[in-house]
Amino acid sequence: MKLAVLYAGQGAQHPGMGKEFYEASPAFRAAFDSAALDFDLHRVCFEDPDGVLNQTEYTQPCMVAFACGVTAVLAEKGVKPAYLAGLSLGEYSALQAAGVFTAKQAIELTAFRGKAMAEAAKGLDCGMTAVLGLDREKLSACCEQAAETGCVQICNYNCPGQLVIGGEKAAVEQAAALAKEAGARRCIPLKVSGPFHTKLMAPAGDALAQRFAGENFGTMETPVLFNCLGHEKAETDSIPQLLVKQVQSSVYMEDTLRRLGELGVDHILEVGPGNALSGFVKKTLPGVVCTAVETPEQLDAVLTAWKDAE
């Protein structure tokens, strides 16, 4: 078995995520509690009584704290993936699992990233829309035509037949209308707070570049496939520069999954919450077994199945 672990991105969050792991595992608690934040992580992640979890400045550290905790549990149980990747925000969790960041670093960096992205989106009339059933070349042409109205680009290449466009609202709406004319099956506006993974996030990239200048990046012990590349980095690629690029350019998840297939991966573990990435895997690599894990019970069931299959 050749295993890859994929980490979920924004959109999968919900109140209560990680609570069962937190109550069951000292390793999870140690990772989860490692960061110093300006809000109560437990309150927002486990209860969210104030309804702020879906705001990106809270979503990002909460999701990564959950992921870092699960990574600690996986390590404790002897799970050693051959490759790591994550969707957008999940790339920071993958880098933490690879040894580039400590749990404390990853959580605090994504808290900073969330605030920087929220600040970059402030005052913008923006939008993001999922486009189903249209190939990337045709959608790219629609975006180029609609760019006369404002900024719009493909920001997520999720899987065959599922792309996401983002940018200024009027331009996104124009591109979506053109996509329907070009044969798109559906265009679904997304509830988001910013034009993520577009050039409008350049101010967030600048802020991250300044922050990274004072950070220590550890040695990558397990290969990570990067969002803005769709594959592993080259020797000459700088992780800080890739992360700066990532926040303001497209996420090539379909390409990443295809590369995992080329590398011989036959099992993928999705660290949730949620199972969106499992759906992407099913459409992109139908022969690969992908299982989503959000609770201790789910993880134990997966590990038992693997052991029985040996």
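Predicted model: local features only at pLDDT ≥ 70, side-chain atom pairs only at ≥ 80, totals over all residues.
Biologist: What makes the meeting of Arg136 and Asp255 a salt bridge?

Modeller: The rule asks for a side-chain nitrogen of Lys or Arg within 4 Å of a carboxyl oxygen of Asp or Glu. The side chains of Arg136 and Asp255 meet at 3.2 Å, N to O, so the pair falls within the 4 Å cut-off.

Biologist: Which elements give two or more residues to the side of domain 1 that touches domain 2?

Modeller: They are helix 11 (253–262) and helix 12 (276–284). Helix 11 gives the largest share, five residues.

Biologist: How is the protein chain divided?

Modeller: Domain 1 covers 3–121 + 199–308, and domain 2 covers 126–190. The contact between them takes 14 residues from domain 1 and 13 residues from domain 2.

Biologist: What area do domain 1 and domain 2 bury between them?

Modeller: About 1,200 Å², with 53% of it on carbon and sulfur atoms. On the domain 1 side, Leu200, Glu254 and Phe280 lose the most area to domain 2, together 38% of what that side buries.

Biologist: Let's turn to the strands. Why is strand 4 called largely enclosed?

Modeller: Buried means under 20% relative accessible area. Seven of the eight residues of strand 4 (residues 152–159) are buried, so the rest of the structure largely encloses this strand.

Biologist: How do you know that strand 4 pairs with strand 5?

Modeller: Pairing needs at least two bridges. Six bridges join strand 4 to strand 5 (residues 162–168), so the two antiparallel strands count as paired. Val152, for one, stands opposite Gly167 in strand 5.

Key: Residues numbered from 1 in each chain as written. Heavy atoms only, no water. Buried < 20%, exposed > 50% of the residue type's maximum accessible area, 1.4 Å probe, protein only. Helix = DSSP H or I, 4+ residues; strand = E, 2+ residues; numbered from the N terminus. Domains from an automatic or database assignment. Contact = heavy atoms within 4.5 Å. Buried area = accessible area lost by both parts, 1.4 Å probe.
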